Amino acid sequence: MIRKRLAWIAVAAAGLAAGAQAQQSAGGTPASGNLAPVANPVSAAVKAQLPRFSKNMVAAAEAMPAEKYSFKPTPEMNSFAHLVMHIAQSNNTLCSKISDTPAPDAKLADSDPKDKLVAALKASFEYCSTALDKVDDSKLGDQMMLSDDWYDHYGAEATYLRLNGILPPTAQPRKD
């Protein structure tokens, strides 16, 4: 189900952060007063978030043992396999809508084995990366919430992992 809302505060904050990072990368700094404008700050922020969410959500899917993919916190809730399937399908659908490109035809079921679901999740992030290359801020009138979904989805994965005694990727000790 695609919700019709945009997390303005999160996207605006991310946009400002991405804009500041882009300006600093271009040689300008707030202190120097030499700030280059960012042409597409919102889409740039979403693009900047993609590698981190891809890394963390794929790592979470890989961390859950295959025999736990049928785990449900309560009988009424979805299984972990369903969550991974849903994330892959959501990525494909939302990135298709945002970019006006056809979504991959990925046939998935929550009964699919872990390796197929993880591969589909990886492929969905690869598709989003390609699809988002074509996106700018001209469609801000359309309601999109891709980055908001990534926060929700990773939070759900982390909860399922913790309920199974597994630290989610972002809670793992640093490997210095």
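Five helices and zero strands make up the protein, here seen as a predicted model. Along the sequence the elements follow the pattern α-α-α-α-α. Of the 176 residues, 40% count as buried. Among contacts with a separation of 6 or more, 75% join residues 24 or more positions apart.

One helix pair can be followed in detail. Two packed helices are described by the angle between their axes and the distance between the axes. For α2 (residues 41–63) and α4 (residues 114–132), the angle is about 175° and the axes lie 10 Å apart. Angles over 145 degrees count as roughly antiparallel, and α2 and α4 are therefore roughly antiparallel to each other. On the α2 side, the contact is formed by Val-46, Lys-47, Leu-50, Phe-53, Ser-54, Met-57, Val-58, Ala-61 and Glu-62; these meet Lys-114, Val-118, Leu-121, Lys-122, Phe-125, Cys-128, Ser-129 and Leu-132 of α4. By class, the residues of this contact comprise eleven nonpolar, two polar and four charged.

In soluble globular proteins, nonpolar side chains tend to be buried together. The largest nonpolar core here has 35 residues, of which Tyr-69, Leu-121 and Trp-150 touch the most other members. At least two residues of this core come from each of α2, α3 (80–99), α4 and α5 (146–163). Leaving aside residues up to four places away in sequence, Leu-121 touches Met-57, Val-58, Ala-61, Val-84, Ile-87, Ala-88, Asn-91 and Glu-157. Of these partners, Met-57, Val-58 and Ala-61 also belong to the α2 side of the contact with α4.

Technical notes:
Residues numbered from 1 in each chain as written. Predicted model: local features only at pLDDT ≥ 70, side-chain atom pairs only at ≥ 80, totals over all residues. Heavy atoms only, no water. Axes fitted to C-alpha atoms, helices over the stretch in contact; angles between N-to-C directions. Helix = DSSP H or I, 4+ residues; strand = E, 2+ residues; numbered from the N terminus. Parallel < 35°, antiparallel > 145°, perpendicular 65-115°, else oblique. Contact = heavy atoms within 4.5 Å. Nonpolar A, V, L, I, M, F, W, Y, C, P; charged D, E, K, R; others polar. Core = buried A, V, L, I, M, F, W, Y, C linked by side-chain atoms within 4.5 Å. Buried < 20%, exposed > 50% of the residue type's maximum accessible area, 1.4 Å probe, protein only.
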